[in-house]
Amino acid sequence: MTVMHNVLLVDDEPWILKDMERIIDWDESGFRIVAKVNDANAAESLIKRQRIDVLISDIRMPGKSGLDLLAFVNRVSPDTLVVFMSAYSEFSYAKQALEKGCFHYLLKPVNVEELQMTLDRCQLRLAEKDKERNARRVADQTMKFLEAIERDSTIQRMVDTFEPFGLPFKEHSRFIFATVKSSSAIGDEALNPFHSMLRNYGFSYWSGRFSPCKWSYLVGVPKVTPNVYTSIYKDIVRVFKELGWDVGLSSWSDSTGRAGRLYHQSNMMADTSALNNKIGLYRYRVQVNADVPALRERIGKASRLEHLEAALIDVHRGIDAGRVHLSGLAELYNLFVSAIANLSSRDVDAMDANTAQDLVLNYGNPHDLLEDIAMMIAEQKKKPDDSNAQLIVEEITRELDRLYAHRISLRDLAQKYFISPNYLSHLFKQEKGLSFINYLIQKKAGRGHCFTRERHLAL
């Protein structure tokens, strides 16, 4: 559907206004003439009451001039585009107008082709302004959304906060949070099919863009029959399957529900495809991460590496059963690393903690992550002495010195020497006094070799 823009015509000569009205098919050009007035005062009065997208005015009129009208528009309605009409002899006025922010000017008598070209330019500029306004609106909505989540506000308080922004929230007894994620950026327009579906089914919603690839929603759900819910669910699944996006849904809540808790539920469920490689719609269930407390306790109490191996098997089972999710897996991974370090008398602080997002970025699937843990356990069971560790690091250092200009991966080198990336990172820092990535950066920057462990300790 073509967006129609409002036009106001201003000229002290009535016959010029009639000619301007008839000169082109305004509707076909995407514009509607909302009024024709004979002086600047009448124009100002109308602009105060109604949105005007394009003002086309004579530049010289009795009383207030077009320049006076331009100053008023710049102050009161800065998004309005001003186009002046002027005779050739009045070009100095047109020049002043352009300097003061006039969008364009037309020479009288107005030429059909020139007017049409000007309106086409107006369409493009108005579209840009619409995008800018929409970006500001999304940013404002997102900020309010984030504030409510950080405060862990009730849903009712969120709805009350959004009301002054013109959000048409209806009376709902049930609410749900939704998080939409993609591997690529999600533009505002790409969400239109989803938004249309929500409105058609009678949902109210408030959205925020939390990153280029992630949008979150508070959705008010109408009272409908179970069959309608089934239909809604199938339609949503179909739309997002076609788009290739993940959707995470929180548990149901009434207006007393807490925004922070429900948002984190939906956000967690939107990461589910990172666990099972199946893009889709996932709803929070009570069994999500249900195995994590017991596994946390087992890992914390482990007195032998074999105890950690047994716990690792149960982590595999928990993932397959949907009882260990990505956030729980990140927590367990960090506990495993700490436990391995403690049992092998390693420095716990040397092992960097990982978040759920780190796991998404650094591992292709959870089995790669668990394999990394298994390798760390196996390495500690072998108990390599310091001389072997030093030999491994020195051999890798020679490779870096020789191949630093090429793409080099810590993970690839770790696999070559049959050790985990985490353990290799620890060994490298222990032997060289700085991390693998910093060594590589300095090498590429041509800053010379790094400290050896002995030199580092001597300093």
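Predicted model: local features only at pLDDT ≥ 70, side-chain atom pairs only at ≥ 80, totals over all residues.
A residue counts as buried when its relative accessible area is under 20%.

**Phe145 and Phe210**
- These two rings make an edge-to-face pair, with 5.4 Å centre to centre and 85 degrees between the planes.
- Phe145 belongs to helix H5 (residues 112-151) and Phe210 to strand E7 (residues 204-211), so this pair links distant parts of the chain, 65 residues apart.
- Phe145 is buried because its relative accessible area is 0%.
- Phe210 has a relative accessible area of 19%, and is therefore buried as well, given the limit of under 20%.

**Phe428 and Tyr439**
- Phe428 and Tyr439 also pair edge-to-face: their centres are 5.4 Å apart, and the angle between the planes is 75 degrees.
- Because Phe428 sits in helix H18 (residues 421-432) and Tyr439 in helix H19 (residues 436-445), the pair ties together parts that are eleven residues apart in sequence.
- Phe428 and Tyr439 are both buried.

**An aromatic cluster**
- One aromatic cluster is formed by Phe194, Tyr205, Tyr217, Phe240 and Trp245.

**Charges over rings**
- Arg121 places its charged end over the ring of Phe103, 4.8 Å from the ring's centre.
- Over the ring of Trp252 sits the charged end of Arg174, 4.0 Å from the centre of that ring.

Notes
Residues numbered from 1 in each chain as written. Heavy atoms only, no water. Phe/Tyr/Trp six-rings, centres within 6.5 Å; stacked < 30°, edge-to-face > 60°. Helix = DSSP H or I, 4+ residues; strand = E, 2+ residues; numbered from the N terminus. Buried < 20%, exposed > 50% of the residue type's maximum accessible area, 1.4 Å probe, protein only. Lys NZ or Arg CZ within 6 Å of the ring centre and 35° of its normal.
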